[in-house]
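This report treats helix packing, salt bridges, backbone geometry and a surface patch in turn. Please read it alongside the sequence and the coordinates shown here.

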Amino acid sequence: MADQTEQQILAADAATLHKMGYAQELSRRMHGFSNFAVSFSIICILAGGITSFQVGFSTGGGLTAIVGWIAGCTFALIVGLSMAQIASAYPTAGGLYHWSSILGGRAWGWITAWFNLLGLIFVISSVNVGVYNLGVGLILNNIFGINTSAWGFEQQTLAVVCITLAQGLLNHFGIRTTTKLIDFSGVLILVIAVLLTGVMLFGVQHFDFSRLVTFTNYSGDAGGGVVPHASSPFYLFLLALLYPLYTVTGFDGSAHTSEETVDARRNVPRGILNAIIWSAVFGLAMAGAFVLAMPDQAKAAAAGGNVIFNLMASLTVPNWIKDILYVGIVLANFLCALAGVTSTSRMVYAFSRDGGLPGSKWLKQVNETHRSPVYAIWFTVVLSIASTLYSPAFAALAAGCAMFLYISYAMPILAGLFAEGKTWTEFGPFRLGAFSKPLALITSVGGIVIIYIGTRPPNNILDSYFIGLLGIMAIIWFGIARTRFPGPPIGAAAVAARAAEIAAEEAALRASSD
């Protein structure tokens with residue numbers, strides 16, 4: 001009976017996909033926990049929660065790190081609620097791009113796709129730069145005692161290439177292997193986060209909880225030069241929001257794996273929201289432990305990007321516990337970027353099957369053996385490596401990730417704000433009701449604020465990315481895409497025209513798997 005029920009659910013999932021004009025090409029092997037684990041792994045509080053902690057602390061001390069975390073995560077949850085409602089209605093691998101196309105039109109969807117793609121690429125590249133930095137600082141230096149002080153950009157580039165190629169290979173061989181690793185990642189993050197929080201609190205001599213809500217201006221040299229000196233607490237608080245906003249992002253991964261998720265209309269919204277909530281709670285506890293464990297806050301802030309390395313080196317626990325933490329943190333970061341490759345390649349695949357990218361003919365292809373979009377995977381790998389060559393600084397990559405992704409999150413939500421009750425009348429099981437439009441409005445205003453803080457020094461290198469992307473999009477859209485880009489099938493006539501192609505594509509996949 002259980003098998004029969006699942007078969008009925010799978011049939012309903014395929015029918016929902018057919019109604020949107022797409023064939024069931026990818027393999028539905030992911031259940032609720034796996035869908036949650038994709039977003040939870042990409043968020044990965046052991047990645048951004050550690051590697052960008054200095055952004056939160058070296059602006060205004062405990063207040064900007066802790067209160068800023070709460071404020072940023074609250075905004076992320078508001079965005080996630082709005083996304084979950086749309087994902088429940090339209091569970092497709094295209095996610096944000098497809099939603100924007102349906103709710104705001106073909107051009108709005110096309111623009112959303114490019115912002116989302118660049119943001120997702122920055123997720124992978126920033127985390128893999130973090131894997132390198134953490135691997136060098138925690139494992140090579142602390143465990144093996146290797147002197148890496150002379151290492152620089154060349155070593156980082158070689159390491160990032162090797163790391164990203166490994167993630168590409170693991171994704172290449174199909175969703176079954178990747179799902180198991182991502183499921184493991186979800187558990188690993190929780191275990192290591194709890195252990196790290198516990199050992200930090202174990203070494204606290206005196207619990208001074210006032211630290212958590214005290215503002216101290218550590219901008220400029222006082223904070224290790226993480227952010228330029230500024231006198232405005234409000235401005236510094238805004239800059240500090242990049243700490244939680246960079247960390248709690250990538251939860252669109254649940255949407256991008258919709259077509260590989262069983263009972264997607266219910267499990268995808270749950271995956272998005274649970275990933276945000278649990279990351280917010282465990283990340284808050286971890287950040288609080290960091291602040292409480294500092295022997296001297298001023299010295300800790302002055303260390304800048306080394307603040308966490310110094311804290312962990314000073315832990316009063318046996319070395320074998322430290323070693324477990326070091327290895328666990330680096331492994332969690334590697335699996336975070338692995339999940340990022342999975343999510344991004346599905347977005348590339350979905351955008352390409354609608355003709356949205358150069359080389360779409362290849363990028364939309366699904367390997368018959370592994371049932372994975374192999375060309376999209378390697379396209380993702382190449383782009384993520386390339387992005388680290390232009391922006392080698394971790395802070396700029398992290399700010400770019402937060403800015404471009406939240407722009408892409410806000411775009412379909414803004415379109416939905418105007419379309420709801422008019423052109424948008426079909427909803428899924430997850431509904432916001434009367435809260436839908438107020439939350440959408442908050443998301444839209446928040447997106448503008450994120451553009452502002454994401455382009456302030458030291459992240460002003462993103463000005464060229466942002467302006468350049470707008471310029472390139474304008475040239476491509478008005479020069480080529482406006483007349484040649486068909487967009488996703490929207491409307492009964494367009495979906496009906498795809499029926500024969502859907503049947504042929506699914507028949508070919510069944511024949512190859514027999």
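## Helix packing

In this predicted model, helix α2 passes α11 in a crossing that is right-handed. The axes of α2 and α11 come within 8 Å of each other and cross at roughly 25°, which makes α2 roughly parallel to α11.

A second pair is formed by helix α4 (residues 96-104) and helix α5 (residues 106-143), whose axes are 7 Å apart and which pack at an angle of about 160°. That angle makes α4 roughly antiparallel to α5, and the crossing of α4 and α5 is right-handed. The two quantities quoted for each pair are those by which packed helices are described, namely the angle between their axes and the distance between the axes.

## Salt bridges

How many salt bridges does a search of the whole structure find? The search finds four, among them the pair formed by Lys19 and Glu426, whose closest N and O atoms are 3.4 Å apart. This pair links distant parts of the chain, since Lys19 belongs to helix α1 (residues 2-19) whereas Glu426 sits in the loop between α17 (394-419) and α18 (436-454), 407 residues apart. Lys19 counts as exposed, because its relative accessibility is 56% and the cut-off for that class is over 50%. Glu426, with a relative accessible area of 39%, is partly exposed.

Another of the salt bridges joins Arg353 to Glu259, with the closest N and O atoms 2.5 Å apart. Arg353 lies in helix α14 (residues 319-353) and Glu259 in the loop between α10 (253-256) and α11 (264-293), so the pair ties together parts that are 94 residues apart in sequence. Are the two partners buried or exposed? Arg353 counts as buried at 15% relative accessibility, and Glu259 likewise counts as buried, at 0% relative accessibility. A further salt bridge is the one in which the side chains of Asp263 and Arg266 meet, at 3.6 Å from N to O; in this pair Asp263 is buried, with a relative accessible area of 18%, while Arg266 is partly exposed, with a relative accessible area of 40%.

## Backbone geometry

Asp263, which is found in the loop between α10 and α11, also has a phi near 55°, a positive value in a residue other than glycine. Cys44 likewise has a positive phi, of about 45°, although Cys44 is not a glycine. The place of Cys44 is in helix α2, and with a relative accessible area of 0% Cys44 is buried.

Which peptide bond is cis? The bond from Pro457 to Pro458 is cis, with omega near 10°, and Pro458 lies in the loop between α18 and α19 (462-484).

## A nonpolar surface patch

On the surface, Phe33, Val187 and Val191 form a nonpolar patch, and together these residues have about 260 Å² of accessible area. Phe33 has its place in helix α2, which covers residues 32-51. At 42% relative accessibility, Phe33 counts as partly exposed, because that class lies between the limit of under 20% for buried residues and the limit of over 50% for exposed ones. Helix α2 thus holds both Phe33 and the buried Cys44, and α2 is also the helix that runs roughly parallel to α11.

Definitions and conventions
Residues numbered from 1 in each chain as written. Predicted model: local features only at pLDDT ≥ 70, side-chain atom pairs only at ≥ 80, totals over all residues. Heavy atoms only, no water. Patch = residues over 30% accessible without salt bridge, like charges linked within 9 Å, V, L, I, M, F, W, Y side chains within 5 Å. Areas by Shrake-Rupley, 256 points an atom, 1.4 Å probe, with all protein chains shown as cover. Helix = DSSP H or I, 4+ residues; strand = E, 2+ residues; numbered from the N terminus. Buried < 20%, exposed > 50% of the residue type's maximum accessible area, 1.4 Å probe, protein only. Axes fitted to C-alpha atoms, helices over the stretch in contact; angles between N-to-C directions. Parallel < 35°, antiparallel > 145°, perpendicular 65-115°, else oblique. Left-handed = near helix turned anticlockwise from the far one by under 90°.
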